[in-house]
Number of protein chains: 2
Amino acid sequence: MNVINRRIMLQGLATLAATIPVRAVAKNPRIPARSINAARLQQALEGLSKFGRRAGGSFSDGVSRVAYSDADVASRAYAMELMRNAGLNPTIDAAGNLTGRRPGSDPSLKPIVMGSHIDSVPGGGNFDGDLGSMAAIEVIHTLKDQQIPTHHPIEVAIWSNEEGYTMGSAAAVGSVPAQFADPTSKAGIAAREGLQRIGGDPDRLESARRAPGSIRCYLELHIEQGGILDQAGIPIGVVDGIVCIDQYEVTIEGFANHAGTTPMPGRQDALIAAAKMVQTVNEIARAEPGRHVATVGKLEVTPNAANVIPGLVRHTVEIRDLSAEKVAKLGAAIAKRADQIAAQTKTKIVMKRYFHLEPALADPALQAKIESAAANLGLKTMHLPSGAGHDAQELAKIGPMAMIFVPSVNGVSHSPHELTRWGDCANGANVLLRTLLEIDRDSARDAT
Amino acid sequence: MNVINRRIMLQGLATLAATIPVRAVAKNPRIPARSINAARLQQALEGLSKFGRRAGGSFSDGVSRVAYSDADVASRAYAMELMRNAGLNPTIDAAGNLTGRRPGSDPSLKPIVMGSHIDSVPGGGNFDGDLGSMAAIEVIHTLKDQQIPTHHPIEVAIWSNEEGYTMGSAAAVGSVPAQFADPTSKAGIAAREGLQRIGGDPDRLESARRAPGSIRCYLELHIEQGGILDQAGIPIGVVDGIVCIDQYEVTIEGFANHAGTTPMPGRQDALIAAAKMVQTVNEIARAEPGRHVATVGKLEVTPNAANVIPGLVRHTVEIRDLSAEKVAKLGAAIAKRADQIAAQTKTKIVMKRYFHLEPALADPALQAKIESAAANLGLKTMHLPSGAGHDAQELAKIGPMAMIFVPSVNGVSHSPHELTRWGDCANGANVLLRTLLEIDRDSARDAT
């Protein structure tokens with residue numbers, strides 16, 4: 001509440017400054033202390049939270065708004081309405097992305113793009129993607145309200161099906177993922193049919209493609225989805241980049257036998273080998289200094305009966321870090337220990353990488369802009385990697401990219417308990433606004 | 001092959017002795033070296049293996065002859081035919097048990113009962129239950145062929161649905177298991193309907209009940225289903241008893257979170273706790289001297305996705321030993337370590353016993369009879385517990401019980417690869433025959 005009150009006060013003071021047209025200011029103009037409308041942003045998020053909420057539920061029950069579902073379709077109509085209120089004329093591209101452009105004063109400049117997504121995981125929360133999307137619209141609405149001109153065109157993009165392999169943003173940069181051919185999305189709807197449901201056109205996907213170098217930059221505000229900012233009590237995170245991800249499948253073959261009649265020493269228990277693997281992954285990750293993570297998230301036992309010694313276990317190993325070299329090095333260390341565990345437990349262990357995502361580094365100059373914007377607003381920052389994937393990783397393929405993080409209470413995400421305080425939402429949107437204005441001012445100045 | 005040849009030779013020598021009626025012999029009569037017909041026993045097992053074999057398969061493909069299935073129904077008709085050939089008049093009791101009685105010379109004596117089962121697990125082998133059933137019929141057939149009278153009536157029982165909680169034998173001793181009310185058996189057929197399919201009567205189950213003390217004893221020949229005899233190269237196992245079984249469900253609650261964004265130190269990973277539990281169960285069992293076993297056979301992870309830290313794991317712990325005290329002590333030691341693991345991993349661990357089976361001890365006098373019978377046949381013996389459950393554990397509730405084990409190659413069981421060599425099958429059946437004759441002689445003598 002205090003944070004919001006402070007914003008409203010600052011907004012009042014800013015009114016005078018707003019009368020000076022930005023285009024007219026000198027070489028090193030001071031950007032006035034504009035503020036987004038925090039109450040309107042909250043209202044937009046609360047309104048969005050109704051799409052995919054269980055019948056009779058409340059905001060704190062979160063949403064299941066999986067891409068292509070009825071809830072997704074309805075929420076997109078809602079977002080388009082908000083875009084129109086902000087003065088935009090939203091269009092849907094062949095990949096189902098919703099975009100709206102506010103013209104700039106200099107037609108020769110490339111657009112500054114802001115965005116995120118509004119589809120959710122099943123049983124998700126009200127902030128992942130939603131905050132960045134609603135804040136981008138709110139920033140445009142603020143520019144309209146306060147009649148702030150920009151040199152660059154400013155674009156809002158709400159990317160389709162982010163939770164399904166960043167489908168929409170990948171198509172927008174011409175790297176349509178192989179998964180697009182998958183028979184069904186998380187909503188159980190075929191990708192082609194799903195895309196048609198949201199107004200896309202699977203046969204014209206190429207038309208959604210943006211050329212490398214066609215944007216000034218891409219900015220995305222997002223909740224951290226981890227607990228680093230929350231624990232440190234820091235309101236703004238400056239993202240260094242989106243991590244590299246390696247996923248392995250580990251197959252452990254032992255020998256299934258009667259658990260009552262097979263003496264302990266003669267056993268080839270695949271689950272005992274798997275237990276050692278799970279601990280090894282954890283130990284190797286914890287022994288190495290840094291912000292990498294390594295997880296065994298999925299594990300399946302065959303035949304999986306109380307009275308049968310497990311003959312087969314399959315489990316995943318996922319490793320993430322900004323450095324692809326470190327991810328590979330940790331994977332190799334785990335594979336080496338797997339061979340030792342196989343020998344100890346008389347099992348056969350095969351470890352196979354089935355997924356690899358290159359890291360996407362944030363542009364250092366844009367990171368500096370976020371830092372200075374936050375400093376101007378009196379907000380502390382810290383640098384951190386993004387452990388989760390985002391649409392920004394795709395946009396980084398065609399232009400400079402940066403992300404602003406705000407705290408997730410207790411680091412909870414992909415859960416109905418996901419929570420970012422309204423004050424932190426407003427802080428993030430204000431940093432987004434100010435970063436955008438600083439980029440617009442400086443890159444227009446550099447161009448002149 | 002050598003063993004079988006030796007039997008055939010002995011059988012020839014025994015023909016003379018067989019002309020002396022057993023009833024007429026003096027106080028300490030020498031039992032002649034009778035032998036069962038090993039070729040006929042093999043033929044009976046090979047014939048039985050056709051019921052539940054996959055189309056186009058061979059003997060080594062094993063069987064799926066789950067209770068109440070069509071294969072079970074057909075195999076029971078086959079067994080009744082063999083019983084008739086052996087001179088018995090088989091009947092089906094209300095619990096679906098097939099029984100046949102050969103009268104003894106002394107109507108005041110209680111029956112000696114031999115038997116086992118012919119239903120199998122899905123994907124089972126050709127020896128578990130089958131050997132004891134076919135051998136019991138073969139012993140009766142041998143008594144008929146060689147015109148050997150007995151004092152006691154001798155009964156063959158093929159118990160129904162052994163693999164489903166020893167259903168038939170439990171009903172026969174009046175302890176119908178709670179599972180009888182279960183909606184479906186392993187064949188996916190309701191227990192009541194299934195029982196009707198095999199000629200039983202669920203409404204008259206009480207009529208199948210035998211009173212405590214109503215049998216002289218119960219003898220069961222069975223494959224070991226473990227590798228102890230096979231590894232030691234000993235042809236005959238004298239079973240000390242059927243083990244006590246405790247089964248626990250362990251529930252581990254951690255906190256599910258994004259595997260990419262949650263730093264290693266803040267995690268409450270239920271699978272890491274489970275991995276420590278799996279290793280603890282193994283370590284505690286191996287540290288304690290003895291023949292007990294402890295197994296984590298079933299383990300399930302929630303939500304079970306590569307990119308989510310496991311929030312919940314449920315797994316079983318099964319402990320078996322002849323001593324119920326030892327089983328309880330091992331369970332308590334594991335539960336104590338569970339508390340420490342919960343504290344270390346910041347998880348909540350609840351360990352709950354959901355199944356308990358009392359041990360069933362074999363009668364020492366009968367064990368001595370098996371030893372002397374084997375010694376008389378020149379076969380080495382060793383004592384061992386039965387780690388698996390058997391119909392004998394039920395029969396022990398109404399009279400003295402003993403079991404004869406023969407080797408399982410590599411200890412494999414409940415698998416198509418289950419194998420007991422024909423020579424070992426014949427050895428077991430011969431020990432069964434001779435044990436029966438020794439009991440008959442001595443208990444008749446004691447009664448006079």
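Reader: What does L432(B) touch?

Author: In this predicted model, L432(B) touches M114(B), A135(B), V139(B), L219(B), L221(B) and I404(B), leaving out residues up to four places away in sequence. Touching means that the C-beta atoms, placed from the backbone, lie within 7 Å. Local features need pLDDT of at least 70 and side-chain atom pairs count only at pLDDT 80 or more, while totals for chains, interfaces and linings use all residues. Residues are numbered from 1 along each chain as its sequence is written, with chains lettered from A and ligands numbered from 1 in the order in which they are written.

Reader: Which residues touch the most other members of the largest nonpolar core?

Author: V139(A), L432(A), V139(B) and L432(B), out of 239 residues in that core.

Reader: Why is helix 2 of chain B called oblique to helix 4 of chain B?

Author: Helix 2 (residues 38-48) and helix 4 (residues 130-145) of chain B pack at an angle of about 140°, with their axes 10 Å apart. Angles under 35 degrees count as roughly parallel, over 145 as roughly antiparallel, 65 to 115 as roughly perpendicular and the rest as oblique. So helix 2 of chain B is oblique to helix 4 of chain B.

Reader: What makes up that contact, by residue kind?

Author: The residues where helix 2 of chain B meets helix 4 of chain B divide into eight nonpolar, one polar and three charged.

Reader: How many residues do chains A and B put into their contact?

Author: Chain A gives 48 residues and chain B gives 48 residues. Helix 8 of chain A supplies the largest share of chain A's side, eight residues.

Technical notes
Contact = placed C-beta atoms within 7 Å. Helix = DSSP H or I, 4+ residues; strand = E, 2+ residues; numbered from the N terminus. Core = buried A, V, L, I, M, F, W, Y, C linked by C-beta atoms within 7 Å. Buried ≥ 20, exposed ≤ 12 C-beta atoms within 10 Å, placed from the backbone. Axes fitted to C-alpha atoms, helices over the stretch in contact; angles between N-to-C directions. Nonpolar A, V, L, I, M, F, W, Y, C, P; charged D, E, K, R; others polar.
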